[in-house]
Amino acid sequence: MIKVHYLGTGAAEGFPSPFCDCSACRKVRQTGGKNIKTRSCAVVNGHVLIDLSPDIFTQSRQQGISLAGIDNLVCTHSHSDHLDLFSLMLRCRDGATVLPDVPDDKNYISVWGNAAVEARISQAFGNEPHANRQRLHFTQITPGVPFRTGELEFLPLAANHITGEKCCIFCISDGQNAFLYGNDTGLLPESTFEALARYGKKIAAVSLDCSRGTLPGDAHMGISECRQTRSRLLDIGVIDKNTAVYLNHFSHVCGMIPEEFARLAYKDSMNLTYDGLIVTLPA
Ligand SMILES: [Zn+2]
Ligand SMILES: [Zn+2]
Ligand SMILES: [Zn+2]
């Protein structure tokens, strides 16, 4: 089974963006509810965190989920909306994180990420005497080379997001089912489709970057790029026409609020994510 719990589904500035007075942010301040989007991260099977959002405190509290059982952090890239170093240091600070049932030599978090992620962590921990570096075991990941976090295999795949950094999306598999977690990225490079075709796993659900909404993509995708990506995944045979497609990391830039954009996406049989959404495979 793969259970993906979206703790946050927004872009870097969140929705409503605190310093923004655009019509979309104003409307979301009034409507609230599922229109509110904290910065993106997700928990898989209760113990793997994909990205560490600067909203992790609020997410944990509001969604009633303790993160004491998180033993792996899988990082897509080094941007601060996905890698909150202060929260990571708190996990590694003995006074802030007390795990009485975990023996001292097992009290660590495994962190998986690219060279830029490793450099940011090293720099932050170097400046923080209270963070215990023994509590963090880092492994550098390479696109195309799978790694395991217990029962789950993660295949990192090249994203198209920051020049000079090997940003990744992930195909997550439990041996029976596969889930594609795909943000932050613009249109994916051909090498990623080739790697997915070689991997040969049938993907049961796809989560794509749709920060741009109705606008054309750049280092993020809009709905048009999401349609193209779905078509390419169909072409290479890793999904079928019934595969669930989720749009994630949605932002205010196109001027639509989440409930408006969700209706538009639904016409294309795509689902806009929301904070607290849980996707379970098999359904
Ligand atoms: Zn982001
Ligand atoms: Zn705004
Ligand atoms: Zn980013």
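In the predicted model, Val 74 has Trp 112 of strand β5 as its bridge partner. The two strands concerned, β4 (residues 72–74) and β5 (residues 109–113), run parallel and are joined by 3 bridges. Both belong to an open sheet of 7 strands, in the order β6-β5-β4-β3-β2-β1-β14 and with mixed pairing. From one strand to the next, the twist averages 20°. Helix α4 (residues 115–126) lies across β5 and β6, and its direction makes an angle of about 155° with β6.

Strand β2 (residues 41–44) of this sheet contains Cys 41. Cys 41 counts as buried because it has 25 C-beta neighbours inside 10 Å, the threshold being 20 or more. Beyond residues up to four places away in sequence, the contacts of Cys 41 are Leu 7, Gly 8, Leu 49, Ile 50, Asp 51, Leu 52, Ser 53 and His 82. A separation of 10.0 Å is found between the C-alpha atoms of Cys 41 and Asn 183, which are 142 residues apart along the chain. Asn 183 is joined to Asp 184 by a cis peptide bond, with omega near 5°. Asp 184 is located in the loop between β10 (178–182) and α5 (190–199). A cis peptide bond is also present from Leu 281 to Pro 282, with omega near -5°; Pro 282 falls in the segment after β14.

Over the protein chain, 7 helices and 14 strands are assigned. The radius of gyration is 18 Å, close to the 19 Å given by the globule rule for 283 residues, so the chain is as compact as a globular protein of that length. Along the principal axes, the C-alpha atoms fill a box of roughly 50 × 45 × 35 Å. Of the 283 residues, 43% are buried. Among contacts with a separation of 6 or more, 71% are between residues 24 or more positions apart.

The largest nonpolar core comprises 67 residues, and the most contacts inside it are made by Phe 170, Ile 172, Phe 179 and Ile 203. Strand β9 (residues 168–173) gives the most to this core, contributing 5 residues. Excluding residues up to four places away in sequence, Ile 203 is in contact with Cys 171, Ala 178, Phe 179, Leu 180, Val 238, Ile 239 and Thr 243.

Helix α7 (residues 258–267) has Pro 258, Phe 261 and Ala 265 as buried residues. These residues lie on the same side of α7, because the arc they cover around the axis is only 65°. An α-helix has 3.6 residues a turn, so residues three or four places apart point the same way. Arg 263, Tyr 266 and Lys 267 are exposed on the other side of α7. The cover over the buried residues of α7 includes α6 (223–235), β12 (244–248) and β13 (270–272).

Positive phi values occur in residues other than glycine in the loops flanking this helix. His 249, in the loop between β12 and α7, has a phi of about 65°. His 249 is buried because 27 other C-beta atoms lie within 10 Å. Ser 269, in the loop between α7 and β13, has a phi near 55°. With 12 C-beta neighbours inside 10 Å, Ser 269 counts as exposed, the limit for that class being 12 or fewer.

Conventions:
Residues numbered from 1 in each chain as written. Chains lettered and ligands numbered in written order. Predicted model: local features only at pLDDT ≥ 70, side-chain atom pairs only at ≥ 80, totals over all residues. Helix = DSSP H or I, 4+ residues; strand = E, 2+ residues; numbered from the N terminus. Contact = placed C-beta atoms within 7 Å. Arc of directions from axis to C-beta. Rg over C-alpha atoms; globule rule 2.2 N^0.38 Å. Core = buried A, V, L, I, M, F, W, Y, C linked by C-beta atoms within 7 Å. Pairing = 2+ DSSP bridges. Axes fitted to C-alpha atoms, helices over the stretch in contact; angles between N-to-C directions.
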